[in-house]
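Subject: Handing over a structure

Hi,

I am passing a structure on to you and hope you enjoy looking through it. Could you open it first and then read my notes alongside?

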Amino acid sequence: MDGFAKRTEEKRQAILSAAFDLMTEKQSRFTVSELAKKAHVSPVSIYNYFGSKEQVIIEVLKQMTEEQMSWIDQKIESNAPFDAILVDILKRKIKTAVLFDETITKTMQQDPNWEQLATRGYTAFARLIEYGKQQGSIDVTLSTTSYLRYVQLMQQAILSDPHFSIGDMKETMEDYFHFFLNGVIKR
């Protein structure tokens, strides 16, 4: 990589890192000027590299999803215990839940490439479910598709509930984490 390409990639990554930090603090409620200041670039650089603030947000979410899929693959390859992987995934989901507000959720749903990435994410999760079955950690009599639909139903229920506030996402994710691991019946 030549010097120009290296500087370009460094600026791109600085913008994405700054966007992640701002999303953690403010979800979508930051300006391009704030992003530029935090990334130590000009606002023009943001538009040149990404076209819009929304595209920066989409790219942050894509990188997070790609990293999560790679992480799952690495854990499976290293033969890590299924239970530990699942707990770590759910903890990561709780941690990143603070990034989302209604605007980010809409932006993500309207992106034409998001469905393709989501499909790849489900494929990674399907591999994880199969791995859990192989390890004897989850019920092998239930189909992988059933597990995936369960997760999908939970996501759809959250996103379609008119009374649900994205601000409550962290607490909601913690509750679903509990349901997913323990069920609803007290043991």
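Predicted model: local features only at pLDDT ≥ 70, side-chain atom pairs only at ≥ 80, totals over all residues.

Residues are numbered from 1 along each chain as its sequence is written, and side-chain values use heavy atoms, with hydrogens and water left out.

The 25 residues of H4 should span 36 Å at 1.5 Å a residue, and the end C-alpha atoms are 36 Å apart, so the two agree (the expected span is 1.5 Å times one less than the number of residues). After H4 comes Asn 79, with a positive phi near 60 degrees.

Several residues of H4 are buried, including Val 56, Leu 61, Lys 62, Gln 68 and Trp 71 (buried means under 20% relative accessible area, exposed over 50%, partly exposed in between, with a 1.4 Å probe and protein chains only). The buried residues of H4 pack against H1, H2, H3, H5, H6 and H7.

Lys 62 deserves a look: this buried residue has no salt bridge, and the nearest side chain of opposite charge, Asp 111, is 4.1 Å away. A salt bridge needs a side-chain nitrogen of Lys or Arg within 4 Å of a carboxyl oxygen of Asp or Glu. Leaving out residues up to four places away in sequence, Lys 62 touches Asp 111, Asn 113, Trp 114 and Leu 117 (contact means heavy atoms within 4.5 Å).

Next is Arg 92 in helix H5, residues 82-96. Arg 92 is partly exposed, at a relative accessible area of 25%. The side chain of Arg 92 makes polar contacts with those of Glu 67, at 3.1 Å, and Gln 68, at 3.0 Å. Such a contact is a pair of N or O atoms within 3.5 Å; within protein, one must be able to donate a hydrogen and the other to accept it, and residues adjacent in sequence count only if both atoms are side-chain atoms.

Finally, the largest nonpolar core has 27 residues, and Ile 15, Met 23, Leu 35, Ile 46, Val 56 and Leu 61 have the most contacts inside it. Apart from that core lies another, of 18 residues, among them Trp 71 and Phe 82. A nonpolar core is a set of buried Ala, Val, Leu, Ile, Met, Phe, Trp, Tyr and Cys residues joined through side-chain atoms within 4.5 Å.

Best wishes

Technical notes:
Helix = DSSP H or I, 4+ residues; strand = E, 2+ residues; numbered from the N terminus. Lys, Arg positive; Asp, Glu negative; His and termini not counted.
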